[in-house]
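Visitor: I would like a close look at one part, the surroundings of the ligand. Please take me through it.

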Amino acid sequence: MMPPRNIVILTGAGVSAESGIGTFRDSGGLWEQHRVEDVATPEAFARDPDLVHRFYDMRREQIQARAPNAAHLALARLQRDWPGQSGGRVTLVTQNVDDLHDRAARAEGVVDADVIHMHGEHLSVWCTACDARQGWTGALADRPACPSCGVPALRPDIVWFGEMPYRMEAILTAIDEADMFVSIGTSGAVYPAAGFVRTAAELGAWTLELNLEASQGTDWFDEARHGPATRIVPAWVEEMLSGG
Ligand code: OAD
């Protein structure tokens, strides 16, 4: 393999698991405790907005008590140091709606950190009246007014099932230009993210899986390393940054 320049990294719930944020599909995961159709679809929100708001208010509060772990911090160091070392760039795409990659980037001093949150963000709200998106740390269940237009029409800025993930064009362009595609802590169960490895492989990137166990798409990867993210991600990043 030629030395890689451009790297696309896709992360999922597994990268935040050791920060104390439960995954979706592991035993005891969020989708065992709640039905997707009750809390994570536009239909659920139309039917029972109180239930949906309470669910996301609780999650929004929880993540603020969590902190980035060694895997988030290592990926931030790769984003910071890889361009100077290789002349390429690292595009970090996450399915996670927590802000732990963003906080890790700030902690490691990444300049112009761009974390693509393809499934939205807990700490952002979207006004269905004026379309504005803005940072938000409080609750929505009490129906606060939108700071931009004054209408109490805020919803979580989360991509629900049946909605279009964010920034797909930027993601596909980065995959097209990538020499290396790395998937970290995701089960490979949810499309379109689950299909990125196949697209990357077909467009010529070398592909690596870093996950606790084999994911559903594991056969698509050129290499797979299995173990907890806080162990295997920093080890891989050190390898990359030491030219290994
Ligand atoms: P899942 O819960 O489906 O998968 C988590 C993956 O992380 C599994 O393959 C686990 O084996 C792995 N894992 C667990 N602990 C780990 C650890 N400590 N280190 C490394 N890997 C670990 O979560 P996602 O694949 O992220 O969408 O789920 C994708 C999407 O489904 C989410 O973004 C969410 C959900 O419904 C929306 O909410 C739109």
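Guide: Start with Thr186. One of its polar side-chain atoms lies 2.6 Å from an oxygen atom of the ligand. That is a polar contact (a pair of N or O atoms within 3.5 Å). Gly185 contributes through its backbone: an N or O atom there is 3.4 Å from an oxygen atom of the ligand.

A note on the basis: the model is predicted, local features need pLDDT of at least 70, side-chain atom pairs count only at 80 or more, and totals for chains, interfaces and linings use all residues. Residues are numbered from 1 along each chain as its sequence is written, and side-chain values use heavy atoms, without hydrogens or water.

Now the shell. Gly counts as polar here; Asp, Glu, Lys and Arg are charged; Ala, Val, Leu, Ile, Met, Phe, Trp, Tyr, Cys and Pro are nonpolar.

The ligand takes up the space of the largest pocket, with more than half of its atoms within 2 Å of the grid points. A pocket is an open set of points on a 1 Å grid over the protein atoms alone, with protein on both sides within 12 Å along at least five of seven lines. The volume of the largest pocket is about 850 Å³, taken as the space filled by probe spheres on the joined points. Its lining has 46 residues; Ala13, Phe24, Arg25, Gln95 and Ser187 are nearest its centre. The lining splits into 25 nonpolar, 15 polar and 6 charged residues. Helix α5 (49-64) is one of the elements that supply at least two residues, as are α1 (14-17), α2 (30-33), β8 (206-211) and α10 (229-241). With 3 residues, α5 gives the most.

The whole structure has 1 of 30 Å³ or more. The volume of the largest cavity is about 90 Å³. Ala13 and Phe24 line the cavity, along with Ser16, Ile21, Gly22, Arg59, Ile63, Asn96, Val97, Asp98 and His122; lining residues have an atom within 4 Å of a point. The cavity lining has 5 nonpolar, 4 polar and 2 charged residues.

How values were computed
Polar contact = N/O pair within 3.5 Å; in protein donor to acceptor, adjacent residues only side chain to side chain. 1 Å grid on protein atoms, 1.4 Å probe; cavity = no way out; pocket = protein on both sides within 12 Å on 5 of 7 lines; lining within 4 Å. Helix = DSSP H or I, 4+ residues; strand = E, 2+ residues; numbered from the N terminus.
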